[in-house]
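Hi everyone, thanks for having me. Please get the viewer ready, and we will walk through a few places together.

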Amino acid sequence: MCGIIGYVGKKAATPIILEGLRRLEYRGYDSAGIAVLHNGRLLVRKKKGKIGEGLARLLKSEPVAGNLGIGHTRWATHGPPSDINSHPHLDQSGRIAVVHNGVIENYDALKQKLLATGHKFKSGTDTEVLAHLIGDYYEKRRSRRCESADGPRFDKRGYKINGNDLIQAVCDALREVIGTYGIAVICADEPDTIVGARRGSPLIIGIGTDENFLASDANAIVAHTKKVVYLNDYDVATIKSERFDVLNLGADTANVQISNLEFSQEDAARGDFEHFMLKEIFEQPRTVENALRGRVDTEGATAKFGGLNMTPAQLCSIKRIIIAASGTSWHAALVGEYLIEELAQIPVEVEFAHEFCYRNAPLERDTVLLVLSQSGETADTLAALREAKRRGHRALAIVNVVGSTIARESDGGIYMHAGPEIGVASTKAFVSTLTILALLAVHLGRMRTLSARRALEILHALEAVPKQLESILAQNNALKKIAKKYAKADDFFFLGRGYTFPIALEGALKLKEISYIHAEGYSAAEMKHGPIALIDPKTPTVFLVPQDSMYDKTMANLAMIRARKGPIIALATEGDKQIGKVANDVIYLPKALELINPILATVPLQLFAYHIAVVRGCDVDKPRNLAKSVTVE
């Protein structure tokens with residue numbers, strides 16, 4: 001959830017760290033802080049609030065200089081947002097600084113043990129406990145060594161020169177920790193070293209020339225290097241300006257592989273758009289093209305994938321698919337269920353990833369788990385993947401981030417190639433996932449009963465989507481007017497049926513996420529079973545009513561809302577002459593196959609939520625209480 005960056009080299013560390021934190025702010029923006037080493041002193045600045053309003057202003061009045069430092073932007077878990085709870089946190093001596101992403105589950109027991117030995121704490125965070133624990137082990141190692149007449153050279157204070165006490169203290173401390181962590185640690189007595197470690201929270205090393213970086217996300221360092229090492233769980237890295245080393249707490253050797261980033265600094269920039277979310281909405285025609293590129297086989301009337309790592313025989317033997325996901329990805333999974341069951345005739349169940357992990361669901365032979373995650377680091381989705389593999393089942397993944405933990409630990413998978421998604425509310429990754437799920441359903445269907453004619457029809461329809469999305473985006477101004485009309489509403493309903501039901505859920509989520517309006521998504525048929533009691537002239541309903549197999553049924557449901565004087569905003573198919581007579585406002589979608597409608601209907605709902613949020617003065621890219629990548633349970 002939080003963002004971490006570290007730098008060691010010949011350049012001034014502060015501007016590099018501050019810019020990196022700005023690029024990581026979508027991971028957390030309750031507070032931010034920086035610690036820099038300068039002439040043997042540890043200089044710390046931290047402040048509650050967003051970076052521009054807090055830390056950046058503080059650094060102007062109280063600047064810090066040095067060539068080595070670490071920074072952090074926080075999404076609060078333990079302890080409310082405050083200056084004191086902001087990272088970095090110091091150990092008892094004040095000479096070790098720690099930044100942390102994750103949750104130390106046994107922090108209270110560790111804290112009580114440290115309190116009993118005289119430690120005093122300033123914050124309510126689990127991270128400060130970890131800092132004290134590392135410092136405690138560091139002091140113990142120094143004390144034991146200083147009592148010995150033999151060994152390495154010491155300075156006048158008894159500190160080892162060019163020693164490795166810091167990394168050993170970090171390892172000692174982490175062996176006591178229960179929970180998740182991505183950490184960066186620096187010490188005033190080891191001024192050329194950053195120590196990083198991870199378990200469950202992402203952390204990467206950026207490799208430069210006479211400089212190296214540590215970050216929780218490649219966005220923070222893409223302006224400085226394209227070469228990175230993705231750390232694995234239990235890896236502990238020692239980073240200096242001229243080299244880095246990695247060991248693993250649970251193995252004799254660490255698996256270190258240098259990778260190249262697939263995106264550029266410009267890809268992660270906002271450009272001329274007012275918000276990242278708007279930019280990413282308008283990028284969706286291209287992201288659909290990227291999802292399709294190289295995967296449409298018209299000659300074979302199928303889709304093709306290079307990374308599933310399953311033979312045709314293994315794919316044909318699949319008897320059941322479980323799709324595990326969270327949040328927006330869970331809504332995509334529901335569409336995937338409809339697609340795969342219709343085209344491939346394989347039973348599909350959709351699970352919340354966090355529920356799948358903790359209930360003893362029966363998994364018969366030939367069951368495959370498919371997980372969906374934009375970041376590839378979602379904690380509960382990763383846990384679901386590991387649980388399936390532990391039970392001997394194949395686990396596949398659809399992810400956006402190359403080199404992410406889920407991508408590396410899955411048995412096979414498919415990359416979205418959507419490019420970096422900075423806005424906290426997912427947009428283009430969702431549409432890319434829907435596109436890939438349609439291709440996967442065709443791929444599995446052609447191995448069973450799906451005819452070549454039907455498959456080609458679907459593939460051609462998918463290839464037409466980018467231009468259709470362009471036509472929807474051209475309605476942006478019309479959508480803005482409709483959004484202004486309803487921006488003061490306190491409650492919304494989003495209704496759909498069949499393939500558009502999951503999109504109703506997604507539309508409601510988007511509105512909740514960025515505008516803070518209460519919104520509920522339902523199957524239109526469910527309204528008469530209770531929720532219709534809430535309909536009144538002040539409660540708008542967004543109806544997804546394309547001309548599909550459920551059209552007549554959905555129109556009947558719409559009539560129930562109209563009879564109770566509820567305002568109606570309809571998403572309908574171009575050429576539908578009936579809808580204008582019963583809806584207050586209409587947004588038209590291009591004519592398409594029924595299974596393509598989820599992709600097309602998503603985009604206007606994203607724009608609708610975006611414009612309402614802007615009218616209400618909300619921070620679209622950084623909505624309150626939310627962070628981009630949920631790396632803690």
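Predicted model: local features only at pLDDT ≥ 70, side-chain atom pairs only at ≥ 80, totals over all residues.

Residues are numbered from 1 along each chain as its sequence is written, and side-chain values use heavy atoms, leaving out hydrogens and water.

Let's start with the sheet. Helices (H or I, at least four residues) and strands (E, at least two) are DSSP runs, numbered from the N terminus, and two strands pair if DSSP finds at least two bridges between them. Here five strands form an open sheet with parallel pairing, in the order S23-S22-S24-S25-S26. On average, neighbouring strands are turned by 15° against each other, direction ignored; axes here are lines fitted to C-alpha atoms, for helices over the stretch in contact, and angles run from 0 to 180 degrees between N-to-C directions.

Now look inside the sheet. S22 (491–496) and S24 (541–545) pair in the parallel sense over three bridges, and Leu 495 has Phe 543 in S24 as its bridge partner. Helix H17 (551–563) packs on this sheet and touches S22, S24 and S25 (568–573), contact meaning heavy atoms within 4.5 Å. The direction of H17 makes about 165° with that of S24.

Next, helix H3 (107–116). Leu 110, Lys 111 and Leu 114 are buried there; buried means under 20% relative accessible area, exposed over 50%, and partly exposed in between, using a 1.4 Å probe and protein chains only. These three cover an arc of only 100° around the axis, so they lie on the same side of H3. That arc is taken from the directions from the helix axis to the C-beta atoms. The face turned away carries exposed Ala 109 and Ala 116. After H3 comes Gly 118, with a positive phi near 100°.

Asp 411 sits in the loop between helix H12 (405–409) and strand S21 (412–415). At 27% relative accessibility, Asp 411 is partly exposed. Beyond its neighbours within four places in sequence, its contacts include Leu 308, Lys 389 and Arg 394.
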